[in-house]
Amino acid sequence: MRITATPSTCAVSSLCVYRLPTVFDQDEEGLVLILDDHPAPDLHEEVHRAVRACPTNSIKVIEDN
């Protein structure tokens, strides 16, 4: 799994950070930052939950083959 984000569409809701602070953070303006773009398999389910919770769909998951 690889995670990407589009900060320019981020709504600054912080839902991703609250859900997974080891994977997501916010910059000084509150926009999404990816701390770990290839999280461990044990985090994949929680990553998918965080992605679904994003109100602007600013976070995407690309599944590895």
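Guide: The side chains of Glu46 and Arg49 form a salt bridge, with 2.8 Å from N to O. A salt bridge here is a side-chain nitrogen of Lys or Arg within 4 Å of a carboxyl oxygen of Asp or Glu. This is a predicted model, in which local features need pLDDT of at least 70 and side-chain atom pairs count only at pLDDT 80 or more, while totals for chains, interfaces and linings use all residues. Residues are numbered from 1 along each chain as its sequence is written, and side-chain values use heavy atoms, with hydrogens and water left out.

Visitor: How far apart in helix H2 are Glu46 and Arg49?
Guide: They are three residues apart in helix H2, or about one helical turn. Helices (H or I, at least four residues) and strands (E, at least two) are DSSP runs, numbered from the N terminus.

Visitor: Why does that spacing matter for the way residues point?
Guide: An α-helix has 3.6 residues a turn, so residues three or four places apart point the same way.

Visitor: How many salt bridges are there in the whole structure?
Guide: A search finds three. Another one joins Arg49 to Glu45, at 2.4 Å from N to O; both residues lie in helix H2, four residues apart. Glu46 also pairs with Arg19, at 3.1 Å from N to O. That pair links distant parts of the chain, since Glu46 is in helix H2 and Arg19 is in helix H1, 27 residues apart.

Visitor: Which residues are linked in a network of salt bridges?
Guide: The network links Arg19, Glu45, Glu46 and Arg49.

Visitor: Is Glu45 buried or exposed?
Guide: Glu45 counts as exposed, at 52% relative accessibility. The cut-offs are under 20% relative accessible area for buried and over 50% for exposed, with partly exposed in between (1.4 Å probe, protein chains only). Glu46 is partly exposed at 21%, as are Arg49 at 32% and Arg19 at 36%.

Visitor: New topic: which residues of H2 are buried?
Guide: In helix H2, which covers residues 44-53, Val47, Ala50 and Val51 are buried. Seen down the helix axis, they fall within an arc of 100°, so they line one face of H2. The arc is that of the directions from the helix axis to the C-beta atoms.

Visitor: What do they pack against?
Guide: The buried residues of H2 pack against strand S1 (2-5), helix H1 (15-19), strand S2 (24-26) and strand S4 (59-62). Contact means heavy atoms within 4.5 Å.

Visitor: And what does the face turned away carry?
Guide: The face of H2 turned away from its buried side carries the exposed residues Glu45 and Arg52.
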